[in-house]
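Keep the structure open while reading.

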Amino acid sequence: MQQLNRRGLQTDMRTPWILEREGYYSIVNGYKDPFLDKEAGKRTHEDRYLTGTSFNDLYALFVFDRNLRFLLFRMTTLSEAILKTICSYEFTKENAEEKNPYLNIANYAETGKAHDKAVLLIPKLEKIISLNRNPRFPDRKEYLRHCLEEYEGEVPLWVLCNDLTIGQIYWFFQAQGSVVRGNIARSFTALYKDSHRHGEEITSIQLDKIYRRIKDFRNICAHDERLYCAHPHDRNITVFQLVKDLRLVTDKKRYLEFLQQLESLLVNLEKDIPDYIGYVCCEMGLQNVDVLQTWIQTSRKL
């Protein structure tokens, strides 16, 4: 607290209580940037805070970002489930007569980067099955063991998918040939049309981009990293871009509920740190809260 006070940050009686439970580094180092006086910092060669900044301002942004992670983790989990379900159905339908067809390189793209991904993916799938065959493996999954023992080693893809990460199922989608990729895209299109008034064609190329962003942001959420200002791979990739992506891969009811919760988070943050809401919105890919409210109105009409 003495160090924070020396650097121009106001503290109060609750500050040590928070620091003891959340950690200095997580709050201060993670969320100080918008509150720093950059010119004063250059002169003193250490952090200096803008006049009137309090520790509670940093903590408000910290809590907002944590709640944002919780909210987006739920939505990316729902979108992951949809990808697993559709990939399992369409791939198995195309290779219905074969036992564990996902282990056969001939069932993937024949050339290019997609084929290369399949070459690397298959050993990972084989390892999952091999480990769960071993009774000494401490982390055997009951659902995999049951299939291996009861069905002569056959594990349907829709069962195996439960043990795959979002990165692995995204990789699986990328490794597919044009027929399966096209069928997966048509399934997403059908689901979108099922819950929206106005249909929209979703292509496999769109899904590639959407799920790359979902995968990257999901990992940020899972590892409890700073989210609101994250720009994985590209400065133009923002949280709001992810928000727009999720409209195409989740049902409308859940999506609108999510948007309302996101709006509530931003409105509350605006009350807590009104002078900095513009900075936060900009980092998220929004000019201001009104942009999100306009997006909500547009999404209701679709």
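This is a predicted model: local features need pLDDT of at least 70, side-chain atom pairs count only at pLDDT 80 or more; totals for chains, interfaces and linings use all residues.

A crossing is right-handed if the near helix is turned clockwise from the far one by less than a right angle, and left-handed if anticlockwise. By that rule, α13 and α14 cross in a right-handed way. The contact draws on Leu262, Leu266, Leu269 and Glu270 of α13. From α14 come Ile277, Val280, Cys281 and Met284. Seven of these contact residues are nonpolar, one is charged and none is polar.

Two packed helices are described by the angle between their axes and the distance between the axes. For helix α13 (residues 252-272) and helix α14 (residues 277-284), the axes come within 9 Å and cross at roughly 150°. Angles over 145 degrees count as roughly antiparallel, so α13 is roughly antiparallel to α14.

| Helix | Buried residues | Packs against |
|---|---|---|
| α7 (residues 142-150) | Leu144, Arg145, Cys147, Leu148 | α6 (112-133), α8 (157-160) |
| α12 (residues 239-249) | Val239, Phe240, Leu242, Val243, Asp245, Leu246, Arg247, Leu248, Val249 | α5 (55-94), α10 (178-195), α11 (204-222), α13, α14, α15 (289-301) |

Where do the buried residues of α7 fall, seen down its axis? They lie within an arc of 165°, so they line one face of the helix. Just after α7, Glu152 takes a positive phi of about 55°.

Helix α12 is mostly covered, with nine of its eleven residues buried. Among the buried residues of α12 are Asp245 and Arg247. The partners of its buried residues include α13 and α14, the pair with the right-handed crossing.

Notes: Residues are numbered from 1 along each chain as its sequence is written. Side-chain values use heavy atoms; hydrogens and water are left out. Axes are lines fitted to C-alpha atoms, for helices over the stretch in contact, and angles run from 0 to 180 degrees between N-to-C directions. Helices (H or I, at least four residues) and strands (E, at least two) are DSSP runs, numbered from the N terminus. Angles under 35 degrees count as roughly parallel, over 145 as roughly antiparallel, 65 to 115 as roughly perpendicular and the rest as oblique. Contact means heavy atoms within 4.5 Å. Ala, Val, Leu, Ile, Met, Phe, Trp, Tyr, Cys and Pro count as nonpolar, Asp, Glu, Lys and Arg as charged, and the others, Gly among them, as polar. Buried means under 20% relative accessible area, exposed over 50%, partly exposed in between (1.4 Å probe, protein chains only). The arc is that of the directions from the helix axis to the C-beta atoms.
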